[in-house]
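Today I'm going through the charged side chains and who pairs with whom.

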Amino acid sequence: MKTQAGDPGAFAQFDLNRVPSPAFVIDEAKLRSNLEILQDVKDRSGTKILSALKAFSMWELSELVSEHLDGVSASGLWEARLGFDKYQGEIATYSPAFKPHELPEIAALSDHIIFNTPDQIARLSPTIIGLRDAGEQFELGLRVNPLHAEGEIAKYDPCQPHSRLGFPINQLTEEHMDAVEGLHFHTLCEQDFEPLNRTWEAIVPYIEHVVEDLKWLNFGGGHHITRADYQRDELIEFLYDVQETTGCQTYLEPGEAIALDAGILVGEVLDIFNNDMPVAITDVSATCHMPDVIEAPYRPAMLNEQGEGPLVRLGGPSCLAGDIIGDYKLPEGPQVGQRIAFLDQAHYSMVKMNTFNGVPLPSIWLWNSETDELRCVKEFDWTTFRDRLS
């Protein structure tokens, strides 16, 4: 999930007319900077850091990611395949529920397989034993729900009432832990260190009697480690202390932090009319290109938005009445043909985009703000839409 905040960084100097519209533009230099921060955290704390493919899976940059981090976290078979094929290092695969027939391939690809409930582990234990007897090497993890809510928006809070994500920690027994080699929890969303610290304090009483038998603890994602105001020194000290006191290897699975402020979505104003306020239709669709705008909801920050001029309601070209991006004061005033760009669109937007209504997908461009090199990574034509359903 994204919020309105966005740092333009080097994009403030980028000529939006250098790419077709719509288009995602990813700054390789900014991505490298984020990865260097994460590598510093893992080097100083001894923690392993995995890149969450669910947030950013642009494997054109997999070599860069693999150069700095320890591997990837996957949300199922297809992401595990991508991690194995395109990235280096470990693969940790979690799903709320695994299909039994997919488990053999997931086991062949993954170093950690993380289950959502002890019942599912027990039910699939004959398959697990058979795979290990056949030579597959993987460790079993269990995702727990700490029952400690830190989220600001319920739909993004894995600790919301009746959550389907993670086994309620107050139901955990020693018997449940018989086959488990690591625990996983993921409860944060775009947050800094203190919510993680409070969550850990809530967890400790439930696991202190079993933690000595575990190999690892995975603290999941939602950590905005690469944000300028994140308390990285406190995080490093915390992770080091957890490892010292538990004897467990610790893991983090950042997603947004990998590509934070590393990408923009370029669009163009197609038409303008007045309906008690200026309304502009763009070739960027909230529904198709930035689904979090509707799901969260949130208003994405605009590159070079100014404080003068009328507010203009921007919406996409789809037939959905709610395909509304937000109200903005456009950098050059409302005019047909104007180029605009929305900030912080590298994570989640690209992985979630779709072709509802046959709306074209944005092309994807890689830019290096240090060298000014710009190249097209991916273009989509109408066959992408045509071939989806038949």
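Which side chain does lysine 86 meet in a salt bridge? I looked it up: lysine 86 pairs with aspartate 85, at 3.7 Å from N to O. Keep in mind that I'm working from a predicted model. Lysine 86 comes out partly exposed because its relative accessibility is 30%. Aspartate 85 sits at 54%, so I log it as exposed.

Next I ran the search over the whole structure and got 21 salt bridges. I went through a few of them.

Glutamate 150 bridges to arginine 198, with the closest N and O atoms 2.8 Å apart. This one links distant parts of the chain: glutamate 150 is in the loop between β6 and β7, arginine 198 is in helix α7, and 48 residues separate them. I get 12% relative accessibility for glutamate 150, so it counts as buried. Arginine 198 has 35% and is partly exposed.

Then I checked aspartate 327 and arginine 313, whose side chains form a salt bridge at 2.8 Å, N to O. Aspartate 327 is in strand β14 and arginine 313 in strand β13, so the pair ties together parts 14 residues apart in sequence.

I also found a network of salt bridges linking Arg132, Glu139, Glu181 and Lys215.

Last entry: aspartate 27, in strand β1. Aspartate 27 is buried but has no salt bridge. What I did find is the side chain of aspartate 27 reaching the backbone nitrogen of alanine 29 at 3.0 Å. Its contacts beyond four places in sequence include Phe11 and Trp367.

Definitions and conventions. Residues are numbered from 1 along each chain as its sequence is written. This is a predicted model: local features need pLDDT of at least 70, side-chain atom pairs count only at pLDDT 80 or more; totals for chains, interfaces and linings use all residues. Side-chain values use heavy atoms; hydrogens and water are left out. Helices (H or I, at least four residues) and strands (E, at least two) are DSSP runs, numbered from the N terminus. Buried means under 20% relative accessible area, exposed over 50%, partly exposed in between (1.4 Å probe, protein chains only). Lys and Arg count as positive and Asp and Glu as negative; His and the chain ends are not counted. A salt bridge is a side-chain nitrogen of Lys or Arg within 4 Å of a carboxyl oxygen of Asp or Glu. A polar contact is a pair of N or O atoms within 3.5 Å; within protein, one must be able to donate a hydrogen and the other to accept it, and residues adjacent in sequence count only if both atoms are side-chain atoms. Contact means heavy atoms within 4.5 Å.
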